[in-house]
Amino acid sequence: MSPADRLSRPRLLHPVAWWAWGLLLAAAASRTTNPVYLLLLLAVVGWVVVQRRETGASSTMGVFLAIALTAVAIRVVMTILLGSAIGGRTVLVDLPEVPLPDWMAGVRLGGPVQLEALLDAVYHGLQLATILVCVGACNVLADPRRLLRYVPATLYDVGTAVVVALTYVPQLADDARRVRTARRLRGHDGRGVREVARLVVPVLESSLDRSLALAASMESRGYGRVTLAQKEHRRSVALTMVGLGGVLVGVYGLLDSSTPAALGLPVLAVGSACAVAALLTGSRRDRRTPYRRDPWRAPETLVIASSAVAAVALSTAAARDAAGIVPPQVPATWPVVSLPLAAALLAPLLAGVLSPRPPRRAALEDRAREVAQA
Amino acid sequence: MTPTPEIVRWRRTSTIAMTLVTLVGVLSFTWPFLVDSRSALTGDHSTPWLFPVLVGLLGCVLLAELSRGGLDAKVVATLGVLAAMGGALRVLSAGTAGLEPMFFLVVLGGRVLGRTAGFLLGALAIVTGAFLTGGVGPWTPFQMLATGWVGLGAALLPRVGERAERWLLAAYGLLTGLLYGAVMNLWFWPFLGSSAPAGAGFDAGDPLGTQLAHYGVFYGLTSLGWDLPRGVLTAVLVLVAARPVLLALRRAVRRASFGTVPAPGDVPRGPRQDAGRGLQ
């Protein structure tokens, strides 16, 4: 037994654990625009993905990276062309300004490009890129389709649609590339706005075709509607209506000063409780039996805990307005970095050690080691 | 180009739930105008967080209510794929201008798919975009609700001839581009407090007229310049692409022949009678 398997034999970690790990890191990234912290998070996510990526898992990371880089580039170009609300002192270039009518206040075309505004765009772009990479890591580490089993029964259909959407976005890029290649082969140069516009209809058509094929395959695998028994259905509708009505009255009570105090918060609380109960009605009766159950053992908890450390540390620091979480834009200076916080951001690295090795990859690694020893 | 039937049934309970959530939503968006200094909510730093949580909860309840009785696999797959396109458009538009070409898809999709699916498409496109761009935050529930309304509204517009429909949808796109901005500013306007420019800030003690005037100044100063291009972009995209996109969507809806199986929620039946339909 290799030392990596001491905590658990090779298996796939519970998908919810990986998604919670990644989304907590994304949440942490959304609290800071400090480039040092963001780069740290990127490095951590990258290392864990390299360590725990299953052989043959989806290679969507590249697409996510490409989208992330595009997002940074678009943001920077927009800032150069349209300016930003940041302003700043250090003017890098002074572009000729195109005069716009007065009612377009807020939009400026051309004009001076300041270092501060540019840095701000890069920081925010980097934040977006980090969040994207975290989500991409979730996709690579745990196939989102495996999450389908864990959506509460009342939101099952809607949740399925969202998972379909998330899975389908990279294929959309594929479709667009294929249509563009086809147009190139027919002698169009495949560049320019007009060519991009030509992509819309073929991509839409092929997406819709794909959705029908997907629906057929879902139905052939027994995806059916779930309905409640009539009694429960009625109870659930009643709970929804009472909950929504209660929330409405409660909010009104909170806003209107002439109503008695009892009408405000208590009614709102009761209404919200009914709404939550309506969401949960029928969840327990859900008799969907997965083919392969994902166990929840110590590694799952440890993986989530490791990224919770980073998220909590950053959120607390952000709530306290600690220096360097959101570095001041004007004037441009080197951002402050706190060492304890940086250490907390490294904690999610543990996920790469504590989580079990994915089975196919573990088998390959073990075989390679045996060959090396022999 | 004959109109296609709605792909998901709109029930009486949907109307009630939508009305109630819309009322709460309107209150959540417009509460800065309604409070006075003696209300339980006076707009200090913690109270604005109540509304994102509330709208998030109600959004979930509304989604559950609209999809009650089950969306079939075809609806789920179609909504998923269209939401993916919306999400991708949102990722591409992330950045300074917030021009949101996604609205074009929500307007046309809502028009073809009908009320329930139109609302779901708007909300799911926002969720997908939020997951992809990592824009998940207190604003996401508001965006879901507002974009869902955009899709629902497109389905509620009167049925007109083909050419008139194009212009109607373009005008609707322009209008919603503006309204969306005006509404979405409202949720964070009270947060600005004293940092807003003079004559444009929020003070719970002011009378309604002053509040509206201040918000008008704030909107004109900050947001109108962004919202107008967004509305114009949506309108132009609709004008240019409405015909082929509507055709493609309607053809797909017709080919999929949604709703040929009676929805199980309508007829009194035991639970999960058709759950294994695909296996029979």
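Visitor: Which residues does Thr130(A) touch, not counting residues up to four places away in sequence?

Guide: In this predicted model, Thr130(A) touches Ala29(A), Leu38(A), Leu41(A) and Leu42(A) once residues up to four places away in sequence are set aside. Thr130(A) itself has its place in helix α4 of chain A, which spans residues 115–141.

Visitor: Why is Thr130(A) called buried?

Guide: The term buried applies under 20% relative accessible area, and Thr130(A) has 0% relative accessibility, so Thr130(A) counts as buried.

Visitor: How many aromatic pairs does a search of the whole structure find, and what makes the pair of Trp18(A) and Trp21(A) edge-to-face?

Guide: The search finds 2 aromatic pairs over all chains. In one of them, the ring centres of Trp18(A) and Trp21(A) lie 5.4 Å apart and the planes stand at 80°; since rings pair when their centres lie within 6.5 Å, and planes over 60 degrees apart count as edge-to-face, the pair is therefore edge-to-face.

Visitor: What makes the pair of Phe103(B) and Tyr180(B) an edge-to-face one, and which parts of the chain does the pair link?

Guide: Phe103(B) and Tyr180(B) are 4.7 Å apart from centre to centre, with 70° between the planes, and these values are to be set against the limits of within 6.5 Å for a pair and over 60 degrees for edge-to-face; the pair is accordingly edge-to-face. The pair links distant parts of the chain, with Phe103(B) in helix α4 (residues 102–113) of chain B and Tyr180(B) in helix α7 (residues 162–186) of chain B, 77 residues apart. Phe103(B) and Tyr180(B) are both buried.

Visitor: Which residues make the nonpolar surface patch, and why is Val232(B) called partly exposed?

Guide: The patch, of about 310 Å², is made by Leu174(B), Val232(B), Val236(B) and Val240(B), and helix α9 of chain B, residues 208–256, gives the most to it, with 3 residues. Val232(B) is found in helix α9 of chain B. Partly exposed is the term between the limits of under 20% for buried and over 50% for exposed, and Val232(B), with a relative accessible area of 38%, is therefore partly exposed.

Visitor: What does the UniProt annotation "transmembrane region" cover in chain B?

Guide: According to the unreviewed UniProt entry, the annotation covers residues 15–35, 47–67, 73–92, 112–133, 169–189 and 231–249 of chain B. In the model, residues 73–92 of chain B are 100% helix and 0% strand, with the end C-alpha atoms 28 Å apart, while residues 231–249 of chain B are likewise 100% helix and 0% strand, with the end C-alpha atoms 22 Å apart.

Visitor: How many helices and strands does chain B have, and what percentage of chain B do buried residues make up?

Guide: Chain B has 9 helices and 0 strands, and buried residues make up 58% of its 280 residues. Among the contacts in chain B with a separation of 6 or more, 79% are between residues 24 or more positions apart.

Technical notes: Residues numbered from 1 in each chain as written. Chains lettered and ligands numbered in written order. Predicted model: local features only at pLDDT ≥ 70, side-chain atom pairs only at ≥ 80, totals over all residues. Heavy atoms only, no water. Helix = DSSP H or I, 4+ residues; strand = E, 2+ residues; numbered from the N terminus. Buried < 20%, exposed > 50% of the residue type's maximum accessible area, 1.4 Å probe, protein only. Contact = heavy atoms within 4.5 Å. Phe/Tyr/Trp six-rings, centres within 6.5 Å; stacked < 30°, edge-to-face > 60°. Patch = residues over 30% accessible without salt bridge, like charges linked within 9 Å, V, L, I, M, F, W, Y side chains within 5 Å. Areas by Shrake-Rupley, 256 points an atom, 1.4 Å probe, with all protein chains shown as cover. Salt bridge = Lys/Arg side-chain N within 4 Å of Asp/Glu carboxyl O. UniProt positions renumbered as here; feature names shortened; annotations may be inferred.
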